[in-house]
Amino acid sequence: MYSASASSRLKVVLGHLRHPSPDAVIAASTAGAVSPASFHPQQFQYTQDNDVLSLEQRKFYEENGFLVIKNLVSDADIERFRSEFERICRGEVKPAGLMMMKDVTIAKSNYAPSERVLTKVQDFQEDEELFRYCTLPEILKYVECFTGPNIMAMHTMLINKPPDSGKKTSRHPLHQDLHYFPFRPSDRIVCAWTAMEHIDRSNGCLVVLPGTHMGALQPHGYPQWEGGVNIMFHGIQDYDRNNARVHLTMEKGDTVFFHPLLIHGSGQNRTQGYRKAISCHFADAGCQYIDVKGTSQENIEQELVQLAEKLFGLKDNVSMKDIWQFRARLVKGQRINL
């Protein structure tokens, strides 16, 4: 569906990724000149009216579904997040509700928790230090461009992508984040994903399929990978393989904001280092929960509920909505529905 314009979009996107604008914001213009006077606010579907994003930046996100802001988070903050992650790895702090994950190749091992064992921590809403990321003014300044002024932090992660064992399990299949979310509308949800060090194709950078945020939510499931797949690493079962792909090379502190329907993933880490990033999905507090039963999301609801029962002993008809209400935290404005 996107292949007709994929080639031209890819050239535009890559051109701006390679030659950032002087104000250090990656953006791109549409094909053909569009003046601010002729581009009216009602033409914007995915961004909000404020004075943060330029017209060029808004148009880029509208067309591509993502926007990279260079050097947004300070080195000092990133080092604090790194230090807290290391404390969690050593067992010095144990935030309530935190989920600690291992790569599938060592998932059943009895190794003591360490940076070399934990590949991801998520749901760190009860860790005061890591959750500071979700409240940074420089992050919320941009989040509001997509969600509006009442902002909920919905899902938190610090990813510690390990060196690949040779089985390619460090990669993440192409997917849409909305598959995991029982709330709508999707256009009022955004992810902020910050590189904690230099990230490129060698250590498994994000890869995005520009423009796919305009499509529908696709069915997801576990890919049939010979080396195994990490828990809850669902991928799209069928997608247009002619879609253009963009690999996001990022420096420490760079932050990409992207739409939950944007198809994206990441490659394997072919280095000996651990590639770190910290992220949060934010949503407009006015979003509404939906019932995913009978939809393509029913499989992830069943898996999440089973995991909640196993990890936290939650039973008695727990739903996907219940799990997300437990995770959600207000970070700006008023809590309305979520």
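Predicted model: local features only at pLDDT ≥ 70, side-chain atom pairs only at ≥ 80, totals over all residues.

**Stop 1: the general rule.** Most residues other than glycine have a negative phi, and most peptide bonds are trans. Keep that in mind for the next stops.

**Stop 2: N71.** Select the loop between β1 (66-69) and α3 (75-89). N71 sits there. Its phi is positive, near 50°, and N71 is not a glycine. Now show the surface. Is N71 buried or exposed? N71 has a relative accessible area of 57%. It counts as exposed because the cut-off is over 50%.

**Stop 3: D123.** Move to the loop between β3 (118-122) and α4 (128-131), where D123 is found. D123 is another residue to check for phi: the value is positive, about 65°, although D123 is not a glycine. Is D123 buried or exposed? Its relative accessibility is 5%. D123 is therefore buried, as the limit is under 20%.

**Stop 4: R184 and P185.** Select both residues and look at the peptide bond that joins R184 to P185. This bond is cis, with omega near 10°. P185 lies in the loop between β6 (183-184) and β7 (189-195).

**Stop 5: helix α5.** Select residues 137-147, which make up α5. Which residues of this helix are buried? Color I139, L140, Y142, V143, C145, F146 and T147: these are buried. Then step past the end of α5 to G148. What is phi there? For G148 it is positive, near 95°.

Methods:
Residues numbered from 1 in each chain as written. Heavy atoms only, no water. Buried < 20%, exposed > 50% of the residue type's maximum accessible area, 1.4 Å probe, protein only. Helix = DSSP H or I, 4+ residues; strand = E, 2+ residues; numbered from the N terminus.
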